[in-house]
Each structure stands twice: as C-alpha cells, then as structure tokens.
Amino acid sequence: METTNLSAEKSLQLITEMIEKSRRDFERNSGNPMIIWGSVVLVFAIAVWFMISSTSNMYWNYLWFGIPVAGYLIEFIVHRNRRNEKKAVNFINSTIGKIWIFYGLISVLTALVLVFSGRFAGLITPLVVLLLGFSTALTGAIIKNTAITAGGVITAVGGSYLYLAGGLDASLVIGTAAVVALIIPGIMINIKTHKTCKSSRN
C-alpha cells in the first residue's frame with residue numbers, strides 16, 4: 001500500500017513538474033512571435049490609416065487580409081534556419097497553438113462573412129479586437145503570466161468599448177490592441193527571460 005501511494009505521489013509530482021517546465025519553456029520562447037505578429041498588425045494598421053486618410057477610399061481596408069500572409073512569411077524567414085530542428089510538443093504548446101490557430105481562422109472567416117454580406121461591417125473591428133484580447137488573456141492564464149493576461153483583458157474590454165462607444169478609428173483601435181496585447185507583453189517576456197538566463201549563468 002505504501003509503495004503504491006509513494007508511486008502515485010511521485011507520478012503526480014512528475015506530471016506537475018513537467019507542466020510547469022512546459023509553461024516556462026513556452027514563456028521563454030513566446031516573446032519574439034508575439035512581437036513579430038504585433039508589429040505586423042501595427043504596420044498594417046498604420047498603412048490602412050494612411051491610405052484611407054490620403055485617398056478616402058475605403059477599399060484600402062482589404063489590406064487587413066494581408067496580415068496572415070505577411071506574418072507567416074516573416075516567421076518562415078526568421079525561423080528558416082531552424083526548420084530541421086526537432087521541437088518538443090507538449091500539452092501547453094499544443095493547446096496554445098490551437099488557440100491562436102482558431103483565433104486566426106475565426107477572425108478571418110468572420111471578417112469575410114461580414115464584408116461580403118454587406119451587413120454589420122462595423123462589427124468587424126470590435127469582434128476581432130475582442131477575440132484578440134480573449135486569446136491573449138487565455139494564453140496568459142495558461143502559462144500563468146500576469147502581463148499577458150492583463151494585456152488581453154485590457155484589449156478585449158477597452159478596445160471594444162473605445163471603438164463602439166468612443167467612435168475611434170478602426171486602424172487606431174487595432175494598432176493599439178496589437179501594442180497592448182502582443183508587443184508589450186512580448187517585450188516583457190523577453191526581458192524576464194534575459195534576466196532569468198543571466199542569473200542562471202551567474
């Protein structure tokens with residue numbers, strides 16, 4: 001009986017340690033992708049705002065659909081030297097990866113449906129911002145990172161409210177959401193990782 005209990009305790013401890021390690025590993029490697037995608041969204045937001053302001057042609061809003069193309073292309077270029085590396089796949093990485101895949105799919109499909117239906121196009125921005133904030137907050141909760149969680153909540157609630165109630169420009173809201181939900185948390189993660197690696201070497 002004691003051997004069985006001890007074995008169960010050790011198994012539980014091992015599982016807990018593996019989950020915590022996978023959280024730390026994801027956090028250590030998640031700063032740069034967040035900065036990359038946040039920067040891509042910010043650049044497109046500035047581009048859309050500039051072109052519409054300069055030409056008054058709302059068709060420049062179709063530039064938004066270039067975000068996934070540009071984002072995946074940049075990630076491919078950045079990580080092309082590590083294509084042959086074997087990456088450990090665990091529950092945390094798999095779960096968070098699926099969260100962002102579904103965020104991208106739902107956001108793009110929702111935008112397409114609303115655009116081509118000719119109705120409720122004004123809801124695209126708050127819905128995309130709400131989904132972005134929710135996905136970011138969920139990611140932060142899973143890896144127990146307060147900065148990411150806070151950025152997600154602020155983006156979901158604040159961004160949607162400012163657009164619907166404040167009447168702010170969509171490009172401004174989406175660009176700000178990219179900074180608050182992706183770029184700033186990504187930078188904070190990289191700083192934390194740098195400090196952790198530095199202290200471990202000393």
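## Basis of the model

The structure is a predicted model in which local features need pLDDT of at least 70 and side-chain atom pairs count only at pLDDT 80 or more, whereas totals for chains, interfaces and linings use all residues. Residues are numbered from 1 along each chain as its sequence is written, and side-chain values use heavy atoms, with hydrogens and water left out.

## Overall make-up

The protein has six helices and zero strands, where helices (H or I, at least four residues) and strands (E, at least two) are DSSP runs numbered from the N terminus. Of its 202 residues, 33% are buried, a term that stands for under 20% relative accessible area, with exposed meaning over 50% and partly exposed the range in between (1.4 Å probe, protein chains only).

Among contacts (heavy atoms within 4.5 Å) between residues at least 6 apart in sequence, 73% join residues at least 24 apart. The accessible surface, computed by the Shrake-Rupley method with a 1.4 Å probe, comes to about 13,000 Å², and 69% of this belongs to carbon and sulfur atoms.

## Helix 2

Helix 2 covers residues 67-78, and its 12 residues reach 16 Å from the first C-alpha to the last, close to the 16 Å expected at 1.5 Å a residue; the expected span is 1.5 Å times one less than the number of residues. Its buried residues are Ile 67, Ala 70, Gly 71 and Glu 75. Seen down the axis of helix 2, these buried residues fall within an arc of 130°, so they line one face of the helix; the arc is that of the directions from the helix axis to the C-beta atoms. Val 69 and Tyr 72, on the other side of helix 2, are exposed.

## Helices 3 and 4

The axes of helix 3 (residues 91-117) and helix 4 come within 10 Å and cross at roughly 175°, the axes being lines fitted to C-alpha atoms over the stretch in contact, with angles running from 0 to 180 degrees between N-to-C directions. The two helices are therefore roughly antiparallel, a label for angles over 145 degrees. The residues making the contact include Trp 100 and Tyr 103 of helix 3 and Leu 131 and Thr 136 of helix 4.

Leaving aside residues up to four places away in sequence, Thr 136 touches Trp 100, Ile 148, Gly 152, Ala 181 and Leu 182.

Leu 130, also placed in helix 4, is partly exposed, with a relative accessible area of 41%. Not counting residues up to four places away in sequence, Leu 130 touches Ala 156 and Ser 160, while the C-alpha atoms of Leu 130 and Gly 158, 28 residues apart along the chain, are separated by 9.1 Å.

Conventions:
Parallel < 35°, antiparallel > 145°, perpendicular 65-115°, else oblique.
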